[in-house]
Amino acid sequence: MVNPFHTSFFAVFRTEVLLNLRRVAPYVMALLCGGNALLWWGWGPAKGRGLATNSEAFIAGVLPIYAFMTLPLFTAVIMADPVIRDFRAEIGPLIFSKPVGRAIYLLGKFFGSFFVLACGQAAFVVTLFVLQWFSRPGVTTLQEVKVVPYFKHFLVFVIISHLVLAAFYFAVGTLSRNAKIVYALGVCFYPLIISYNIFFLNGLPLSWRRILDPLLMRWAQKDGDVHTLSAEAFNQLVVTYDSELIINRAVMLLIAAGILTMVYRRFIIAEPPQKIHFSFINLSTASERISFEPEINWIEPDHEVRRTPLPIVNVAAPGIRGSLRKLVAALAIEFRLLLSERSLVVIIPLAVVLSTMEVIFWRVRGDGSYSAAYVSHIAQNLVLFMIGISIFYVGEALQRDRDLNIEPLVWSQPIPNFVLLFSKFLATLLVVFALLISVGLIAMVTQALKGNGPFELTAYLRVYIWILIPNAIFLSAAAMFLKVLLRDRYLTYIAAIGIGGGLFYLYSQGHNGWLYNPLLFRLWKYEDLLSGNNLSQIAQHRAYVLVIALVLVALAHLFYERRSTLWVRS
Amino acid sequence: MLAIEGLNKTYQSGVHALRDICLEVPAGMFGLLGPNGAGKTTLMKILATLLEPDSGAVRMCDTDLISEKHRARMMLGYLPQDFGFYPSLTAEQTLHYFARLKGVHKRKERNSLVNALLERVNLESARRQKVGGFSGGMRQRLGIAQALIGKPALLIVDEPTAGLDPEERARFHNLLAETFAEESVVLLSTHIVSDVSNLCSNMAIIRQGKIIASCAPSHALKELTDSVWEATLTREQIDAVKSGCKLLSSQMYNGMMRVRVVSPRERPGEEFTQVTPTIEDYYFNLVSHS
């Protein structure tokens with residue numbers, strides 16, 4: 001009998017798992033999923049109502065919502081490019097010159113990536129499972145430790161739903177060889193699924209709605225509102241799968257299998273053919289064809305070098321003015337390179353959607369001023385994204401030159417170190433500012449559309465100037481310092497998460513002093529920004545934070561690996 | 001002239017990469033020849049201000065390249081052995097970027113410089129192509145184009161032809177020969193002997209971090225005149241030859257071994273015919289000596 005671990009399928013599967021483990025996305029996803037579970041457990045709807053967080057009804061009720069929130073985006077990110085990556089690295093021909101069939105290759109790629117995706121998603125149930133042994137005021141836990149319901153319901157409610165979605169994204173990425181299309185589909189997931197529900201499912205009888213709902217959001221509808229049950233009854237509920245749910249899951253598995261079969265049939269090993277350019281119809285005798293092959297750009301094999309004289313150019317002398325012009329040049333390139341980062345296509349829209357969701361979908365209470373309430377909401381929601389984007393993209397910008405091996409070319413140019421460092425720092429800052437402006441504009445438009453007047457621009461400006469912009473500067477400076485000091489991007493991410501997590505834990509325990517809270521997290525209210533003593537305190541704090549940012553930038557400059565002057569010789 | 005005095009470098013791993021390197025490099029094309037791991041790239045990196053030596057000095061036109069890094073970079077053009085470009089930029093954008101970093105700020109001047117460079121390296125037709133899609137030869141030509149920005153007084157070219165096909169290599173040789181200015185120093189580091197023999201008016205041989213010879217290629221060939229012999233022998237015959245004279249190289253040919261030996265005074269055997277020495281013979285002779 002063939003050892004399954006010695007098959008071609010397992011070789012492709014294993015390699016795909018290892019490749020995915022070297023990406024950041026699975027770890028970020030696992031971290032977010034674990035954090036999400038923690039929030040559901042300690043701060044969710046069960047708290048204070050006697051509903052046990054390890055009861056079967058709670059687990060089965062939470063999982064469809066969990067499957068719906070943010071996970072589809074990660075599914076798109078992880079399933080978009082398993083095959084594209086091989087073709088981009090030009091390793092495809094090497095693989096296909098071995099006795100590996102298309103089916104084995106595609107299935108190995110698909111299940112390798114899906115396995116990593118599922119492991120990341122499982123962080124949610126694993127965290128909930130572990131939390132059975134912890135207690136918190138207001139959180140009820142049944143004495144009897146549950147094991148099977150967590151994993152059984154996770155498999156049924158999350159894994160099968162995402163298997164269909166993963167197959168779909170994998171198919172689009174593999175057949176189009178363009179990951180950006182998949183990311184765009186990931187971003188469009190919510191409008192599409194909401195439209196599908198409103199315009200299609202809502203018109204069907206209940207049983208059909210339940211059968212054709214891919215994420216099982218309507219599964220509990222038939223049994224009435226479980227929230228009206230007493231806590232005791234809720235905690236004793238045993239969840240069973242009815243025939244409609246089983247049919248739903250079977251249909252989803254069939255759809256996934258159908259999609260994968262289609263990928264197998266349409267997948268070609270060769271590069272997709274070039275786009276055909278149609279000719280214009282004119283009176284030329286040569287226009288009998290309706291299409292032509294694009295001209296191949298041959299470079300003539302002539303060994304003669306043309307004696308093109310190089311013009312004499314003025315090279316700027318060293319000085320501040322010349323260095324500033326070099327900084328502008330480097331900044332323009334850095335910004336362009338940041339914009340071409342594929343992850344930005346997902347992260348910025350996600351950040352915009354999640355930061356503005358609250359003001360768009362919920363009623364905003366404007367006790368004093370609606371504008372103040374709107375901008376305060378988005379400022380709170382933006383904190384996490386500002387931290388994430390600053391750390392991640394500063395790390396990427398500082399690492400990029402090394403990854404692309406362009407460092408020796410750039411470092412041998414007559415440019416001061418501050419040009420190299422500041423261009424990356426400012427480019428990241430511009431991306432964060434772009435996020436802040438987009439979110440601010442959406443909040444303003446939402447306020448106008450909801451008729452929550454009067455509109456006060458000064459309220460937005462106050463929060464942006466006093467809170468958000470200094471925070472963005474500080475975060476980028478701190479991320480740059482960490483990256484320069486630790487030299488390794490992943491070490492930087494780990495250190496940043498550790499420091500950030502530790503500080504937020506301290507704040508949540510009540511140790512929230514302005515001295516060690518550079519983002520003023522939970523230390524300001526809009527009223528503080530108006531005038532008086534509180535404003536002067538906030539102004540002092542902001543000056544303090546900007547000075548720290550300046551010191552961090554100076555230290556980053558000092559510890560930067562590239563030397564401009566004679567360094568200590570050993 | 002580039003003057004290197006007592007340069008030493010030991011890496012943290014304990015590898016002694018350079019041992020008391022002393023070299024005078026006159027204007028023109030200078031070849032630094034040595035096997036892989038000889039210390040060529042370490043020396044090039046130090047000259048390109050990317051690596052700090054443990055001791056020693058490097059001077060060029062009254063500038064200390066070790067301590068006055070910014071001034072050194074002003075006069076430097078560098079094409080490293082391994083390098084990359086931003087794949088999402090076009091050839092034109094890449095050259096504009098490096099020209100701006102070099103200090104060519106006037107747009108009109110920069111445009112004419114970039115156009116001339118692209119023409120010089122035969123990349124005008126690919127000027128708007130993204131660099132990510134370039135072949136090895138095209139990348140190498142774009143690399144030399146960026147190194148030529150600002151008319152560098154010191155052009156360092158580290159293993160430029162490694163991995164290129166014969167046609168690209170010939171093209172690159174011509175390009176290098178045409179581009180260096182009379183007054184500038186071009187330092188070509190390579191392990192390919194023909195690169196040096198085709199291009200350089202002076203050369204040095206480096207081995208295990210030490211300079212073991214420094215002379216003009218013509219002088220090197222003169223040293224071996226009437227001393228190099230070639231024959232096609234069986235394996236058994238080779239052992240007998242080895243005991244009588246110094247074997248330079250051997251190569252399998254139709255089941256026999258084609259060997260070259262050095263024998264300054266007499267013909268090593270009846271099978272041998274005298275041949276014109278090459279730089280390769282000089283190199284092998286020297287390496288086996290050291």
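**Interface and helix**

Tutor: In this predicted model, chain B and chain A bury about 5,100 Å² between them, with 60% of that area on carbon and sulfur atoms. Within chain B, the residues that lose the most area to chain A are Arg73(B), Tyr86(B) and Leu101(B), together 14% of what that side buries.

Student: How do you know which residues of chain B are in contact with chain A, and how many are there?

Tutor: Contact requires heavy atoms within 4.5 Å. By that criterion, 57 residues of chain B are in contact with 51 residues of chain A.

Student: What makes a residue pair count as a polar contact, and how many such pairs are there between chain B and chain A?

Tutor: The pair must have N or O atoms within 3.5 Å, one able to donate a hydrogen and the other to accept it. Six residue pairs between chain B and chain A are in polar contact, both residues at pLDDT 80 or more. Helix 4 of chain B gives the largest share of the side that touches chain A, namely seven residues. By class, that side of chain B has 24 nonpolar, 17 polar and 16 charged residues.

Student: How many salt bridges are there between chain B and chain A?

Tutor: The count is zero salt bridges between chain B and chain A.

Student: Why does the span of helix 18 of chain A agree with its number of residues?

Tutor: Helix 18 of chain A (residues 417–449) has 33 residues, so at 1.5 Å a residue it should span 48 Å. Its end C-alpha atoms are 48 Å apart, and therefore the two values agree. Just after helix 18 of chain A, Gly451(A) takes a positive phi of about 70 degrees.

Technical notes: Residues are numbered from 1 along each chain as its sequence is written. Chains are lettered from A and ligands numbered from 1 in the order in which they are written. This is a predicted model: local features need pLDDT of at least 70, side-chain atom pairs count only at pLDDT 80 or more; totals for chains, interfaces and linings use all residues. Side-chain values use heavy atoms; hydrogens and water are left out. Buried area is the accessible area (1.4 Å probe) that two parts lose on being put together, summed over both. A salt bridge is a side-chain nitrogen of Lys or Arg within 4 Å of a carboxyl oxygen of Asp or Glu. A polar contact is a pair of N or O atoms within 3.5 Å; within protein, one must be able to donate a hydrogen and the other to accept it, and residues adjacent in sequence count only if both atoms are side-chain atoms. Helices (H or I, at least four residues) and strands (E, at least two) are DSSP runs, numbered from the N terminus. Ala, Val, Leu, Ile, Met, Phe, Trp, Tyr, Cys and Pro count as nonpolar, Asp, Glu, Lys and Arg as charged, and the others, Gly among them, as polar. The expected span of a helix is 1.5 Å times one less than its number of residues.
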